[in-house]
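Open the model in your viewer and get ready to select as you read.

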Amino acid sequence: MKVKPYKFIEHTADLGIRVKGKSLKELFNNAALAVFDIIAEKAASFKLQASSCRKVIIKQKADNLEELFINWLNELLSLSATKEVIFEDFKIDKLDEHNLEAIAVGSDMENYKVNTEIKAATYHELKIVKTPVGWLAEVILDV
Amino acid sequence: MSELWQGSLEKIDDYRWRIPKSYKGGMRVPGIIYADEKLLKDIRHDKALEQVANVAFLPGIVHASLAMPDIHWGYGFSIGGVAATDPENSGVISPGGVGFDINCGVRMLKTNFQYDEIKNKIKDLVYVLFSDIPSGLGSKGDIRVSAKEEKEILVKGAKWAVEKGYGTQEDLECTEEYGAIQGADPLAVSDRAYERGKAQSGTLGSGNHFLEIQVIDQLYDRDSCDAFGLNLGQITIMIHSGSRGLGYQVCDDYTKSMIHCLQKYNINVPDRQLACAPVNSQEGKAYLGAMKCAANYAWANRQCLMYLTRKVFEKVFGISWQKMGMFLIYDVAHNIAKIEKHLVNGQEKTLCVHRKGATRAFGAGHPALPQRYKKTGQPVIIPGDMGRNSYLLVGTKKAEEETFGSTCHGAGRVKSRTAAAKSINVDVLLKELESKGIIVKASGRNTIVEEAPQAYKDVNEVVDVVHNAGISKRVCRMRPLGVIKG
């Protein structure tokens, strides 16, 4: 089994996760992967193929990195709900402290077994820090 | 077990505890927690009390940052928190004090059935309810609405559903705010929020939302039971749901904008999820207008869910819902901010009351109550976990005096979802529940484990505290027979 790119941290009512990345791009990518890994799992027979792919372009601006991180996750959750898509691949083209440009790739929700509804990512106890080996983030998700 | 909260806590009496204003520089009022010693032990095990202290930072907060006995760690506000602010004194409104699931709430309806009459039909009912009522993430309802109608729902709330034939005028009388809070502003709701709410009317949702068939197993106040038409062994139904994706998006949109208000209005709060703006500012007014839209959407949603439930009973028994006596007792919101009048130091003030996991509990004679409940006080519906009990209480004058007319909202979690998933076996749990006569159907096995009785405080203990503290009074207790989970 593939190693999951995140760990759960204890929270009484909601779900806390800790993610790491060698770079900021990898951190954002892993956080998004974690969110959709919690939400759904692929039906056994389903493989994401070019024909069933749905791509969404995401552009976000924010005052700082933490806001950008929360906006990124909440934009994905919102788009997933409105477009009825589960995302499973992310290509982050541009990322600095204030701007993000990415493409999220996924397919129709009906191809997945949905486990958990995540309403949103929150600022409560949000942590994004640079470590000697890269980046680490902790975020609490409202479920 | 997580670290024990080490802050300062003073005992006021057996059911009230105070976090003094001096605990943290920046607290404008003390924190007051309704709990007994036993519940307090669990409460100290997470960060809920720190959150009670943090809420006391909100500009314009009046009297105290309050917490009910089902309090647990949330984000920003604790779940089970009540905070009233004075708009005339720079009082703020915070989307975090309402939550993502705006007007998450619960309604209770009665039936004419006695347990013995339908005990062999519970399984059928659960299966038909599960198949006919859309539940789970992304579920879509059969009740389809156009974009124009969606706007109408946001203003008319449950009244929209009644006009469509999904209920009666009497249902509206038995709903908080008569099913439609005034002042909803559809223009304050983003296109994305509309889109996220589309097709979700009449859907239960997931997580802790549920529909339960219950039986009354204990009466506490005979006069109130008579007034509500309730008796021992009677079958009742409880529906717990909210504003679905529309509410999440409204909260997300306005948290985003209010983060910027912290600087703009020079507001100092220790947690950005407490982002807020003065109630009377343009941002505050816009949020209030949008929040009311989501609240009305939720009332319409629960009205539609009740309509579908009545239809299922008609299908199973071949009798009209009126003949089965499926009348609504009441519907309450437990995630909401309301502009209400309260006495503060003997003076009437118009306040913005945030109830984040707390229920309005107005006493007898309150002008907001319909005529039929003027004598009894407001019905307060407290859902418990799927293995133990739920309660019907009534609001009191004491609640109006002490807690801005508020009480608890449920059992309150004590174990995290991940801890529950690790320690509970779903098959063992389902067998245990079945041996107690409880049938459960859920969209996902994970939900059953995450929502297991062991993950919650004992609702009986929570209700003991609010009853003994006098902020609501027990009327009767129910136990579950059939449970539909999202």
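## Stop one: chain A

Select chain A: for its 143 residues a compact globule would have a radius of gyration near 15 Å, and chain A agrees with 14 Å. That radius is taken over C-alpha atoms, and the globule rule is 2.2 Å times the number of residues to the power 0.38. Along the principal axes, the C-alpha atoms of chain A fill a box of roughly 40 × 35 × 30 Å.

Before going on, note that this is a predicted model, in which local features need pLDDT of at least 70 and side-chain atom pairs count only at pLDDT 80 or more, while totals for chains, interfaces and linings use all residues. Residues are numbered from 1 along each chain as its sequence is written, and chains are lettered from A and ligands numbered from 1 in the order in which they are written.

Now switch to cartoon view. Chain A shows 2 helices and 9 strands, in the sequence order β-β-α-β-β-α-β-β-β-β-β. Helices (H or I, at least four residues) and strands (E, at least two) are DSSP runs, numbered from the N terminus.

Select residues 65-83 of chain A, helix H2. Its 19 residues should span 27 Å at 1.5 Å a residue, and the end C-alpha atoms are 26 Å apart, which agrees. The expected span is 1.5 Å times one less than the number of residues. Just after H2(A), click on A:Glu84, where phi is positive at about 55°.

Axes are lines fitted to C-alpha atoms, for helices over the stretch in contact, and angles run from 0 to 180 degrees between N-to-C directions. Which residues meet here? Show A:Phe28, A:Ala31, A:Ala32 and A:Val35 from H1(A), then A:Phe69, A:Trp72, A:Leu73, A:Leu76 and A:Leu77 from H2(A). By class, this contact has 9 nonpolar, no polar and no charged residues. Ala, Val, Leu, Ile, Met, Phe, Trp, Tyr, Cys and Pro count as nonpolar, Asp, Glu, Lys and Arg as charged, and the others, Gly among them, as polar. Residues are in contact if their C-beta atoms, placed from the backbone, lie within 7 Å.

## Stop two: chain B

Chain B has 16 helices and 19 strands. Its radius of gyration is 21 Å, close to the 23 Å that the globule rule gives for 486 residues, so chain B is as compact as a globular protein of that length. The C-alpha trace of chain B spans about 60 × 50 × 45 Å along its principal axes.

Select helix H5 (residues 147-156) of chain B together with H11(B): their axes come within 6 Å and cross at roughly 95°. To see the contact, show B:Ile153, B:Leu154, B:Val155 and B:Lys156 of H5(B) with B:Cys293, B:Asn296, B:Tyr297 and B:Ala300 of H11(B). By class, that contact has 6 nonpolar, 1 polar and 1 charged residues.

## Last stop: where the chains meet

Show both chains. The contact takes 35 residues from chain B and 27 residues from chain A. On the chain B side, H10(B) gives the largest share, 7 residues. By class, the side of chain B that touches chain A has 9 nonpolar, 15 polar and 11 charged residues.

Key:
Contact = placed C-beta atoms within 7 Å.
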